[in-house]
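Have the structure open and follow along.

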Amino acid sequence: MTGPVHSGEPVVQLDGIDKEFAGVRVLQGVDFDLCAGEVHALVGANGSGKSTLMQIVYGVHSPTRGTLSINGEQLRLRHPKDALRRGIAAVPQELPLVASLSVAENICFGDLPCRAGIVRWRDLDRRADAALSQVDVEGAIHPRQLVGSLGLASQQLVSIARALAQGARVLILDEPTSSLGPEAVARLHEVIDRLRSEGRAVAFISQRLDDIVALADRVTVLRDGRVAGRLLREDVTPEAVAYLMAGAVGATGPERVDAKADDRNMEVLSVEGLPLPGSVSGVTLSVHCGEVLGLAGLAGSGTSELLRVLYGTVRHHKGAVRLFQHDVAKWPIRRRIGAGMGYLSGNRQAEGLVLGQTIEFNLTLALNRRGRLWPLPRRRQARRVAEVMEQLNIRPRDPKTLAVALSGGNQQKVVVGRWLLAGTRLWLLDDPTRGVDVHARAEIHGLIRQHVAQGGGALVTSSDIHELLESCDRLLVFSRGQLVAQVDPAVTGEDEVLALAGGLIPAA
Amino acid sequence: MTTSKPAEVGEEIASAADASPAPRPRGSVGELLRKLHGLVGGFLGAAIVLVLLVVLLTSTESSFLTFGNLKNVLITNSPLFVVAVGMTFVMISSGFDLSIGAMMAVSEVLLWEFLQLGVPSVVAIALVLLAGFLIGALVNGALVGVFGVNFFVATLGSMTLFYGIVDVVTNGTTEIVSSHTLSSIGYGDILGVPVPIAIVLVALLGGGFVLRWTSFGRTVYAVGGNREAARLAGISTRWVVMSVYGIAGLCGALAGVIDAGRLGAASPTDGSSIALISGAAVLLGGTSLFGGVGGLAGTIVGVLVIAVLGNGVNLLGVSNYWQGVVTGGVLIGAILLARYQGRGQHVH
C-alpha cells in the first residue's frame with residue numbers, strides 16, 4: 001500500500017473491504033484511504049465497484065468484511081446521516097436537490113434556521129451566502145433563485161455548497177464532470193482545488209482522464225472489484241491511468257476505414273438556413289455517405305439543440321432539411337425514422353431507455369414504433385437482437401436482462417444498437433460516449449466508424465473536443481448558436497477548436 | 001386456475017432471484033425456475049394470499065369448493081374482470097381511469113335509450129361498445145394524451161360529468177331494460193359456459209394477445225415506462241394514450257352491458273366503486289402504478305383474490321359492515337407481501 005502523501009493520519013481509512021450483494025462479490029479486499037488536503041481519484045470501468053466503495057464511505061452500505069476508520073476510530077456507519085455527523089458528505093451523480101425550492105432552502109435543507117417554528121429568511125440567506133461564496137467564484141448564483149432555473153453546472157455547485165454548509169470535511173464527488181461543458185469543468189476544477197487548499201479531503205470518481213491528470217494527488221484504479229493499481233501525483237499521466245483502467249486497451253483512436261470515393265459524393269443530409277436559438281443566419285451544413293461529422297462547441301453553443309431540431313422534436317418554421325432528397329422539414333419523428341434518421345439522446349436514462357424493460361424490448365423499440373395490432377415477427381426480431389448483441393458485445397448476453405441492471409456502457413450500446421438494428425442510415429448522436437468507460441468508448445467509436453464505412457452517415461456531438469478530433473472526418477465549430485468554422489481534425493489542435501468555440505478567434 | 005403450484009415454488013425462486021446476477025443454476029431445472037419466476041414474479045404476494053384464502057375456505061366451509069359456488073363467484077365478478085382488463089392497459093401506460101365505472105352507467109343508459117328507440121338489441125349493444133371506445137378515447141384519451149392534463153384530474157372530471165349526464169337523462173331513476181338478447185347475455189350459456197364468463201375469457205385472451213404479442217402492446221409498455229424515450233423512438237404517444245383510454249372505455253361499456261343483462265335494468269349509479277376496486281386488483285397483480293411493467297396474468301390473480309375474499313366473507317356469515325374492513329386489510333397485506341418479495345431484486 002502506498003503511504004499517504006500528506007503528513008498525518010488519514011481522515012478516512014478502509015482496510016480489506018469486501019462487499020457482497022446477495023452472494024455476488026462486488027468488492028474484494030480493497031484498501032483505500034483519504035487524507036486532509038488531498039484529492040484522491042477513484043477510477044475504473046463501469047461495474048468495477050467505484051460507486052459501491054464510495055457508498056461504504058458515506059454510509060449507504062456496510063462492508064461485508066473489512067473495517068472503516070474515521071479519524072483513527074474504527075466504526076460502523078448505518079446511514080448517510082451517521083457519515084454526515086462525522087463530516088463526510090457526498091454529491092452523487094443524481095443531484096439531491098429540490099428544483100421547486102430556492103437555492104438557500106436547498107443548501108440549508110433539513111436544518112432551516114427557525115424561531116418558534118417560523119423560518120427566519122434573513123438568517124437563511126446569510127448562511128446560504130456564506131456556503132455559496134466558497135464555491136461560486138463568480139457570484140453568479142443568488143440564494144433566492146429557484147434551483148430548477150439553474151443549469152446543471154450551477155446545480156452541482158449548489159450541491160457542493162450544501163455539503164459544506166453541513167460541515168463536511170470530507171467530500172465525495174461521483175462523476176462530477178460527466179455532463180459538464182469544458183468551461184464548467186474548468187470552474188469545477190478550480191473549486192476542488194480550493195477545497196483542497198482549505199484542508200478538506202476530496203474523493204472523486206471519474207472516467208475522464210483530463211480530470212484526473214488535472215486534479216489528483218493520488219489515483220486508485222479499480223478493476224472487477226479489486227485494486228488494480230495506484231499512482232502518486234508525479235506518476236499520473238493519461239497513458240498510465242488508461243493503461244491501468246482498461247488493461248490492454250489504450251486510449252487509441254478508432255481505425256479509419258475510408259468509404260469508396262464515389263459514395264462520398266452522395267449527400268445523406270443537407271440543411272439550409274435552419275434557425276437555432278441565438279443564431280442570426282441559421283445553420284447550413286451537409287453530411288455525406290461514409291462521413292462522421294463532428295459538432296464542437298461549449299455548453300450552450302446549440303449543438304445538442306441542432307440535433308433535436310434535425311430530428312423533429314422541436315418545430316421550426318424556417319429552413320430546409322433534406323434527407324436523401326426528401327424534404328423532411330415538416331415530418332413528424334415517426335416518418336423521419338422511416339426515411340432513415342435515428343437520434344440518440346445525450347441523456348440515455350431519461351430519454352433513451354425504458355429501464356424497467358428488457359434489452360430486447362429496448363433494442364426493438366423503434367422497430368415496433370407503429371403499434372400495429374397484428375402479431376410481432378418474434379422469431380425474426382429475436383434473431384436480429386441476438387446478432388446486434390453479439391456485434392456490440394453487450395453483456396450480459398441474455399436479451400431478457402432488464403435495462404436497469406446494465407452498466408452505463410452497456411446501456412449506451414443498447415441505445416446505439418437500436419439504430420443499428422433498424423438499419424438506420426443517418427445517426428444523430430448527442431454525446432454518445434457520455435459517462436462511459438474507456439473500453440466501451442472505443443467500442444462505440446469503432447461501431448460508428450463501421451456504420452459509415454458501410455455507407456451510412458453520422459453527426460456527433462461531444463463535450464470532449466479531443467475525442468471529436470480523434471473520431472471525426474470533419475468538425476464544425478459552434479459558438480452561441482452560430483456555426484463559426486469548419487476545421488480538419490487531422491491538422492487542428494484542441495486549443496484552436498476551444499478558442500474558436502469560445503469566440504476568441506473571430507470566425508473566418 | 002391452478003395457482004397453488006407457482007406459489008409453492010415461488011418461495012424457492014425468490015431466494016434464487018436474490019442470488020442473481022450470480023451464475024444462474026444451469027440445466028433445465030434452473031431454467032424452469034427462472035421462467036416460473038419471470039411468470040409469477042410480479043404477483044407472488046397476491047398468489048400466496050389467494051392460495052391461503054382457498055385453503056382456508058376449503059377447510060372451513062364445505063360449500064366453498066363446489067362447482068356451483070365457484071361458477072357464481074366468476075359470474076358475479078365478471079364486470080370486475082372486464083373492467084380490470086381495461087384498467088390494466090391504462091395502468092401499464094402509467095395512467096388511471098377513475099371514470100371507468102361511470103362508463104358502465106353511461107353504457108347502460110345508452111342501451112336503454114337505443115332500445116326505447118326500437119334499435120335491435122344486437123345493434124344497440126354494438127353501438128354502445130363503439131360509443132364506449134370513442135368516448136374513452138376522445139374525452140379521457142384526448143385530455144391526457146393531447147392536452148397533457150393529469151390523468152387523475154382528467155378522469156375525475158369525466159367521471160363526474162358522466163354520472164351527471166346519466167342523472168339528467170334518467171332523472172336519477174333506475175330504468176327497466178328488457179330484451180331477449182340481454183337476458184341471454186346475463187343468464188345464457190355458450191357451449192356450456194355461462195355467457196358472462198365467456199365474455200371475460202374473450203376479454204382476457206384478446207387483451208393478453210394485444211399486450212404480449214403485438215407491436216401496439218409494446219408501445220403501451222414503452223409509453224408507460226418512459227414516455228420521452230418512446231416519443232424519440234418514433235412512437236406516437238398521443239395515439240397510444242388515446243387508444244388505451246379508448247380500450248378502458250370499451251371495457252367499461254362491456255361491463256355495463258353484462259350488468260344490464262344480469263339486472264335487467266339501467267342504473268344511473270352503477271359502477272360507482274369499481275374503478276378503485278379494479279385498480280387495487282391490477283396493483284395486486286403486479287402492475288405498477290408508475291407504468292411500464294405488469295400484465296393480464298397478474299390481473300387475473302388480483303381479481304380472483306378480491307372475488308374469493310368477498311365470497312369467503314359472505315360464506316363465513318361475517319356482517320356486511322365488516323366486509324370492507326376485512327377486504328381492505330387483506331389488500332394492504334397482499335400488497336405489502338408483494339413489496340417485501342420484490343425487494344431482493346432491486347439491490348444492484
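Before we get to the sheet, a word on terms: two strands are said to pair if DSSP finds at least two bridges between them. Keep in mind too that this is a predicted model.

**The sheet in chain A**

With that in hand, look at the open sheet of 6 strands in chain A, whose order runs β18-β19-β20-β15-β21-β22 with mixed pairing. At its edges sit β18 (341-344) and β22 (482-487) of chain A, each of which pairs on one side only. From one strand to the next, the twist averages 20°.

Zoom in on one pair of neighbours. Strand β19 (residues 426-430) and strand β20 (residues 457-461) of chain A run in the parallel sense, paired over 5 bridges. Within that pair, W427(A) has A458(A) of β20(A) standing opposite.

Helices pack on this sheet as well. One of them is α16 (residues 438-453) of chain A, which touches β15 (291-297), β19 and β20 of chain A and points at about 150° to the direction of β20(A). Another is α18 (residues 494-501) of chain A, which touches β15, β21 (474-479) and β22 of chain A, with a direction about 35° from that of β21(A).

You'll find D431(A) in the loop between β19 and α16 of chain A.

**Two helix pairs**

Two packed helices are described by the angle between their axes and the distance between the axes.

| Helix pair | Angle | Axis distance |
|---|---|---|
| α14(A) (residues 378-392) and α15(A) (residues 408-421) | about 125° | 10 Å |
| α4(A) (residues 121-135) and α5(A) (residues 152-165) | about 120° | 8 Å |

Are α14(A) and α15(A) oblique or roughly parallel to each other? Angles of 65 to 115 degrees count as roughly perpendicular and those over 145 as roughly antiparallel, so α14(A) and α15(A), at about 125°, come out as oblique. Their crossing is right-handed. On the α14(A) side the contact uses R384(A), V385(A), V388(A) and L392(A), while α15(A) brings K413(A), G417(A), L420(A) and L421(A). By type, the residues of this contact are 5 nonpolar, 1 polar and 2 charged.

The loop between α14 and α15 of chain A is worth a look too, as it holds P396(A). A cis peptide bond joins R395(A) to P396(A), with omega at about -5°.

As for α4(A) and α5(A), their crossing is right-handed. R127(A), A131(A), L132(A), Q134(A) and V135(A) of α4(A) meet L157(A), I160(A), A161(A), L164(A) and A165(A) of α5(A). That contact splits into 8 nonpolar, 1 polar and 1 charged residue.

**Domains and the partner chain**

Zooming out, chain A is divided into domain 1 (10-87 + 170-249), domain 2 (95-168) and domain 3 (266-501). Taken over C-alpha atoms, the centres of domain 2 and domain 3 of chain A are 37 Å apart.

Then there's chain B: 29 of its residues are in contact with 31 residues of chain A. Which element gives the most to the side of chain B that touches chain A? That's α11(B), with 7 residues. The elements giving two or more residues to this side are α1 (4-19), α10 (195-213), α11 (215-225) and α12 (227-232) of chain B. Sorted by type, the chain B side has 15 nonpolar, 10 polar and 4 charged residues.

Terms used: Residues are numbered from 1 along each chain as its sequence is written. Chains are lettered from A and ligands numbered from 1 in the order in which they are written. This is a predicted model: local features need pLDDT of at least 70, side-chain atom pairs count only at pLDDT 80 or more; totals for chains, interfaces and linings use all residues. Domain bounds come from an automatic or database domain assignment. Axes are lines fitted to C-alpha atoms, for helices over the stretch in contact, and angles run from 0 to 180 degrees between N-to-C directions. Helices (H or I, at least four residues) and strands (E, at least two) are DSSP runs, numbered from the N terminus. Angles under 35 degrees count as roughly parallel, over 145 as roughly antiparallel, 65 to 115 as roughly perpendicular and the rest as oblique. A crossing is left-handed if the near helix is turned anticlockwise from the far one by less than a right angle, and right-handed if clockwise. Two residues are in contact if their C-beta atoms, placed from the backbone, lie within 7 Å. Ala, Val, Leu, Ile, Met, Phe, Trp, Tyr, Cys and Pro count as nonpolar, Asp, Glu, Lys and Arg as charged, and the others, Gly among them, as polar.
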